[in-house]
Amino acid sequence: MTGARGKGAVKPAEDRKVGKRKAPVDRSSIRKAKKEKKAKKDPNKPKRPPSAFFVFLEEFRTTFKKENPNVKAVSAVGKAAGEMWKSMSEEEKGPYEVKAQKRKAEYEKQMKDYNKKQEISANGRDAEEVNDEENEGSGEEEEEDEDED
């Protein structure tokens, strides 16, 4: 068992692969490539509506800051709000859920309008391209007709 390798055994120098190290990778080029692949966000696209908890959090944040003016940590506000939300009954959460549903309905209307605008702009370009192609095609036919006369 003198030649056996167990945990913590050191490999002899002959077993190591000499000169087989990987070349260093430039990580900045990888990050740039990932950023380029992501689609850019449309600034005109409506923001998603907040959930009932976030509607509650908006109100809770103001009251919490009044009661605890010395607490500046965002995490403390979030933890306190989470504990309060969990302890609330369904009846207490009701008004926040109603507000969230209203905001969701508004968001859906805005998204319909946004999608229509996107389709119109996309179709408008396509229609122009189709008209250009049709005009080019009809022009060629006229030339052929003139050659035949």
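Tutor: Phe-53, Phe-54, Phe-56, Phe-60, Phe-64, Trp-85 and Tyr-96 make up one aromatic cluster. Keep in mind that this is a predicted model, where local features need pLDDT of at least 70, side-chain atom pairs count only at pLDDT 80 or more, and totals for chains, interfaces and linings use all residues. Residues are numbered from 1 along each chain as its sequence is written, and side-chain values use heavy atoms, with hydrogens and water left out.

Searching the whole structure turns up eight aromatic pairs. Rings of Phe, Tyr and Trp (its six-membered ring) pair if their centres lie within 6.5 Å; planes under 30 degrees apart are stacked, over 60 edge-to-face, and the rest tilted. Phe-56 and Trp-85 are a tilted pair, with 5.3 Å between centres and 40 degrees between planes. Phe-56 is in helix H2 (residues 52-67) and Trp-85 in helix H3 (residues 74-87), 29 residues apart. Helices here are DSSP runs (H or I, at least four residues), numbered from the N terminus.

Phe-56 counts as buried because its relative accessibility is 3%; the cut-off for buried is under 20% relative accessible area, with a 1.4 Å probe and protein chains only. Trp-85 is buried too, at 14%. Phe-56 also pairs with Tyr-96: their centres are 5.3 Å apart and their planes at 80 degrees, so this pair is edge-to-face. That links helix H2 to helix H4, across 40 residues.

Methods: Helix = DSSP H or I, 4+ residues; strand = E, 2+ residues; numbered from the N terminus. Buried < 20%, exposed > 50% of the residue type's maximum accessible area, 1.4 Å probe, protein only.
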